[in-house]
Amino acid sequence: MKEIQSSTTSKDSTPSPAWGLQSTITPRLGARLVQQGNHLHFLADRAGFVDTFEPDALKTLDAAFPVLIEQLEACLRSGELDQRRQHCVTVQYAGFTCDADTLGSFGHVYLAIYQTLSPSIDAHS
């Protein structure tokens, strides 16, 4: 079952709300997950894309998403991700980075997922 689906909107339509952590990195998937104990639940109506992923990247993200969620659930179990304090954690998998934070809110985890850029071959700046 696909958990993530790309949606497009026409320029005439009302923009959808930006879910998740705010970031200047695009494209990204933003979402507000529901936390129940040490488990996270993805609700499609509380998620959205900012800009557009390439189709191949979207397929990879679709496969990587459950692993990223498992990593975040491990952060909940360890206490690194805590519903009572604002603290951003970062997990990575399959070329994607996921920044997540409860923002001190009880019952929600906010996230931003984006492709991790490869380091530049040219080390000179």
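The buried residues of helix 1 are Ala57, Leu58, Leu61, Asp62, Ala64, Phe65, Leu68, Ile69, Leu72, Glu73, Cys75 and Leu76. Buried means under 20% relative accessible area, exposed means over 50%, and partly exposed lies in between (1.4 Å probe, protein chains only). This is a predicted model, where local features need pLDDT of at least 70 and side-chain atom pairs count only at pLDDT 80 or more, while totals for chains, interfaces and linings use all residues. Residues are numbered from 1 along each chain as its sequence is written, and side-chain values use heavy atoms, with hydrogens and water left out.

**Helix 1 and its cover**

Helices (H or I, at least four residues) and strands (E, at least two) are DSSP runs, numbered from the N terminus. Helix 1 has 24 residues, 55–78. At 1.5 Å a residue it should span 34 Å, and its end C-alpha atoms are 35 Å apart, which agrees. The expected span is 1.5 Å times one less than the number of residues. Helix 1 bends by about 40° at Ala64, and Pro66 follows within four residues. The bend is the angle between axes fitted to the seven residues ending at a residue and the seven starting there. After helix 1 comes Gly79, with a positive phi near 90°.

These strands are among what covers the buried residues of helix 1:

| Strand | Residues |
|---|---|
| strand 1 | 28–36 |
| strand 2 | 39–41 |
| strand 3 | 47–50 |
| strand 4 | 89–93 |
| strand 5 | 96–101 |
| strand 6 | 108–115 |

**The core**

A nonpolar core is a set of buried Ala, Val, Leu, Ile, Met, Phe, Trp, Tyr and Cys residues joined through side-chain atoms within 4.5 Å. The largest one has 26 residues; Leu61, Leu72, Phe96, Leu111 and Ile113 touch the most other members. Helix 1 gives the most to this core, with 10 residues. Contact means heavy atoms within 4.5 Å. Leaving aside neighbours within four places in sequence, Leu111 is in contact with residues including Leu29, Ile69, Leu72 and Cys98.

**Aromatic rings**

The structure holds three aromatic pairs. The rings of Phe49 and Phe53 have centres 5.8 Å apart and planes at 80°, so this pair is edge-to-face. Rings of Phe, Tyr and Trp (its six-membered ring) pair if their centres lie within 6.5 Å; planes under 30 degrees apart count as stacked, over 60 as edge-to-face and the rest as tilted. Ring pairs link Phe49, Phe53 and Phe96 into a cluster. Phe53 is buried, at 7% relative accessibility.

**Gln115**

Gln115 lies in strand 6. Gln115 is partly exposed, at 36% relative accessible area. Beyond its neighbours within four places in sequence, Gln115 is in contact with Phe53, Ala57, Gly95 and Phe96.
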